[in-house]
Amino acid sequence: MAKILDKQRYKCAMSAMSTVQAIERAIPILHSGPGCAQKLSNSAGSSGFFSPNIFPCTSVNERDVVFGGEKKLRSTVENALKVIDADLYVVLTGCTAEIVGDTVEEVVDEFREAEKPVIFASTPGFKGNNYKGHEWVVDAIVDQLLEPVAEHEKEKGLVNIWADVPYQDEFWLGNLRALEELLRAVGLTPNTIFGVHRGLANIRRIPKAEFNLLISPWVGLTNVQHMQEKFGTPYLHWPTLPIGAFETSKFLRAVADYARLDRTKVEEFIREKEAYYYYYIERYADIFLETRAMAKKFSVVADAQYALGITKFLVNDLGRFPAKQYIVDDTPAEYRQAIRGYFADLNYGIKAEAVFEVDGWKIHEEIKKTDYHGYPLILGSYWEKELAEKTDAHFVNVSWPVNERLVINGYYAGYDGGLRLLEDIYSVVRTRFN
């Protein structure tokens with residue numbers, strides 16, 4: 001029997017158009033029906049250099065289903081190259097084009113000698129969600145744009161940073177910049193391909209990196225493994241987004257050991273940042289530790305990255321105790337056991353139960369039945385706002401969809417990111433005193 005999901009937190013794989021959009025001066029060309037393109041454009045969350053409303057689309061119709069859409073795709077690519085001033089064109093396929101068997105790879109191959117690069121990624125919704133679509137776009141870039149470099153062309157200290165999915169994570173850009181600054185401070189040269197002044201120039205540097213740094217429980221793991229096979233580039237997989245002092249210092253020490261950095265300089269930087277961080281914690285300790293307006297227990301409803309990162313932060317930096325934590329990104333089965341292990345290794349013997357669930361109704365019903373021993377703290381998507389009202393909980397909108405707030409360059413990564421998250425949480429808590 002067909003199953004209906006309530007409050008689903010991910011989109012179809014062709015939403016990888018947002019991954020392309022996050023690369024400066026890159027534009028997706030959509031080989032799909034107009035309904036798909038419009039639906040996904042409404043959820044892209046940004047205009048940027050190219051607005052989603054002008055993304056070229058073949059607008060596949062009934063005739064194309066019968067006779068094939070290659071001719072229309074060829075024409076769309078040709079005209080996009082003529083009228084849109086981009087640096088990179090990425091063809092993405094929807095379900096219809098894939099089902100009828102359009103030979104997209106052959107059409108794109110015709111533009112191999114074009115003035116600007118044209119690549120493609122197979123992204124029909126029936127193959128996966130936008131987390132997987134993001135990975136497929138990165139693989140397309142690696143396979144169709146890049147070649148291995150000689151060992152002497154490698155740049156010492158250059159590190160490619162990979163984190164969560166642009167736009168699906170509202171804080172993606174701020175987090176990347178914060179991670180860049182952390183690596184730069186300990187003597188490495190960060191390389192990211194998303195955001196302003198990165199783009200194609202930084203893409204070309206990917207094979208030259210000394211290693212890849214993946215900061216994510218699972219998204220992007222196949223990408224760095226693939227780059228290791230193709231370019232011989234090793235990778236450091238750090239599953240937790242470092243939020244606050246405890247996890248950020250731990251992260252920097254792991255990076256320093258992996259990259260064989262001067263630990264004296266790294267420890268000096270950590271001491272400086274921790275002194276700054278704990279100065280603010282001490283200033284507001286009465287609010288953090290003595291308020292009776294919030295229970296000690298909390299739940300996060302988010303993708304694996306934020307569920308894990310925020311849980312570790314609230315346990316290790318703030319002394320909170322985790323109730324069940326809900327992971328809503330449809331994590332592939334092969335990664336789930338490892339992620340459960342991350343939640344079982346918090347600190348002081350504290351463990352959290354990670355629940356992999358994509359049905360919002362089930363999550364809400366379970367939270368309603370949970371005894372938080374006071375006013376609970378729920379960090380989740382905008383869809384948890386109504387739940388928070390019903391359970392008299394404190395609510396912070398941290399995961400998609402983020403309709404409660406505008407995020408421009410905000411971030412939670414690093415020492416300052418932890419302070420920002422505390423501001424967000426306790427700004428809500430203090431409203432109970434009014």
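Select R263 to begin: R263 is partly exposed, with a relative accessible area of 31% (buried means under 20%, exposed over 50%, partly exposed in between, with a 1.4 Å probe and protein chains only). The model is a predicted one, in which local features need pLDDT of at least 70 and side-chain atom pairs count only at pLDDT 80 or more, while totals for chains, interfaces and linings use all residues. Residues are numbered from 1 along each chain as its sequence is written, and side-chain values use heavy atoms, leaving out hydrogens and water.

D257 is partly exposed, at 48% relative accessibility.

Next, select E267, which forms a salt bridge with R263, the closest N and O atoms being 2.9 Å apart. E267 and R263 are four residues apart in helix α12 (residues 263-283), so about one helical turn separates them (helices are DSSP runs of H or I with at least four residues, strands are runs of E with at least two, and numbering starts from the N terminus). E267 counts as buried, at 16% relative accessibility.

Salt bridges that share partners also join R25, D85, D87 and K116 into one network. Select D85 and K116, whose side chains meet in a salt bridge of 3.9 Å, N to O. D85 lies in the loop between α4 (70-83) and β2, K116 in the loop between α6 (104-109) and β3, 31 residues apart. K116 is partly exposed, with a relative accessible area of 22%.

Now show the strands. Three of them form an open parallel sheet in the order β1-β2-β3 (two strands pair if DSSP finds at least two bridges between them). β1 (26-31) and β3 (118-121) are at the edges with a single partner strand each, so one side of each has no neighbour in the sheet.

Strand β2 (residues 88-93) pairs with β3 over four bridges. Select V91 to find its bridge partner in β3, F120; L92 stands opposite A121 in β3.

Which way do the side chains of β3 point? V118 and F120 point one way, I119 and A121 the other, and all are buried. In a regular strand, side chains alternate between the two faces of the sheet.

Finally, select I99, which lies in helix α5 (residues 95-100). I99 counts as exposed, at 64% relative accessibility.

Notes. Salt bridge = Lys/Arg side-chain N within 4 Å of Asp/Glu carboxyl O.
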